[in-house]
Amino acid sequence: MKHLHHSTGDSSCGIPVLELDTQGCIRACTSSAAHLFGYEDEAALLGRSISHLLPQLEHAPLMHQGKVSGRLKLLSRCGVPFRARRHNGEHFDADLCINEFDDPVEKRVVLTVRRYPD
């Protein structure tokens, strides 16, 4: 969680943030992200595929030619709602902001998630 602490200042900050590897697996997250998706703590999300939380990403490539998919970036920037799934199976609409960072060791993909107002 070293990277996420550096990005957000603290894994317990009030911002729901998920850090993914290039395959779409969750490497780190804030407690706010865990709670948004209905989990008690961050550990329950580590290693899971992002498509478990955002089912429409199951068949959409996260990466294309070493970068976050241009279509996915565009959709997140245009405010298109993404269907999100909580631990109990309940669905909600979410706004995503997708960013990528070139780390000296590997690329990092960071998602900030916000629940759309009902």
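Modeller: In what follows, accessible areas come from the Shrake-Rupley method with a 1.4 Å probe. The structure is a predicted model.

Biologist: What percentage of the accessible surface of the chain belongs to carbon and sulfur atoms?

Modeller: The accessible surface of the chain amounts to about 6400 Å². The share of that surface belonging to carbon and sulfur atoms is 51%.

Biologist: What percentage of the residues in the chain is buried?

Modeller: A residue counts as buried when its relative accessible area is under 20%. The chain has 118 residues, and the buried part of them makes up 42%.

Biologist: In what pattern do helices and strands follow one another along the sequence?

Modeller: The chain contains four helices and seven strands. Read along the sequence, they give the pattern α-β-β-α-α-β-β-α-β-β-β.

Biologist: What is the order of the strands in the open sheet?

Modeller: The order can be built up from the pairings. Strand β1 (residues 17-20) is joined to β2 by three bridges and to β7 (residues 107-115) by four. Strand β6 (residues 91-102) pairs with β7 over nine bridges, and four bridges join β6 to β5 (residues 82-85). The pairing is antiparallel, and the five strands of this open sheet stand in the order β2-β1-β7-β6-β5.

Biologist: Which strands form the edges of this sheet?

Modeller: An edge strand pairs on one side only. In this sheet the edge strands are β2 (26-29) and β5.

Biologist: Which residue takes a positive phi in the hairpin of β5 and β6?

Modeller: Five residues lie between the strands of this hairpin, whereas the hairpin of β6 and β7 has four residues between its strands. In the hairpin of β5 and β6, a positive phi near 95 degrees is taken by G89.

Biologist: Which residue of β7 is the bridge partner of D95?

Modeller: Strands β6 and β7 run antiparallel. One of the pairs between them sets F101 opposite R108 in β7. For D95, the bridge partner in β7 is R114.

Biologist: Which residue of β2 is the bridge partner of L20?

Modeller: L20 has a bridge partner in β7, namely V109. Leaving aside neighbours within four places in sequence, its contacts include C25, I50, L62 and L111. The bridge partner of L20 in β2 is I26.

Biologist: Is I50 buried or exposed?

Modeller: I50 lies in helix α3. Not counting residues up to four places away in sequence, I50 touches L18, L20, G24, L57 and L111. Its relative accessibility is 4%, so I50 counts as buried.

Biologist: How far apart in space are I50 and D21, C-alpha to C-alpha?

Modeller: In sequence, I50 and D21 are separated by 29 residues. In space, their C-alpha distance is 9.9 Å.

Biologist: How are the planes of the F37 and F92 rings set: stacked, edge-to-face or tilted?

Modeller: A search of the whole structure finds one aromatic pair. Planes under 30 degrees apart count as stacked, and those over 60 as edge-to-face. The rings of F37 and F92 have centres 5.7 Å apart and planes at 45 degrees, so the pair is tilted.

Biologist: How many residues apart in sequence are the parts tied together by the pair of F37 and F92?

Modeller: Both F37 and F92 are buried. F37 lies in the loop between α2 and α3 and F92 in strand β6, so the pair ties together parts whose separation in sequence is 55 residues.

Notes. Residues are numbered from 1 along each chain as its sequence is written. This is a predicted model: local features need pLDDT of at least 70, side-chain atom pairs count only at pLDDT 80 or more; totals for chains, interfaces and linings use all residues. Side-chain values use heavy atoms; hydrogens and water are left out. Two strands pair if DSSP finds at least two bridges between them. Helices (H or I, at least four residues) and strands (E, at least two) are DSSP runs, numbered from the N terminus. Buried means under 20% relative accessible area, exposed over 50%, partly exposed in between (1.4 Å probe, protein chains only). Contact means heavy atoms within 4.5 Å. Rings of Phe, Tyr and Trp (its six-membered ring) pair if their centres lie within 6.5 Å; planes under 30 degrees apart count as stacked, over 60 as edge-to-face and the rest as tilted.
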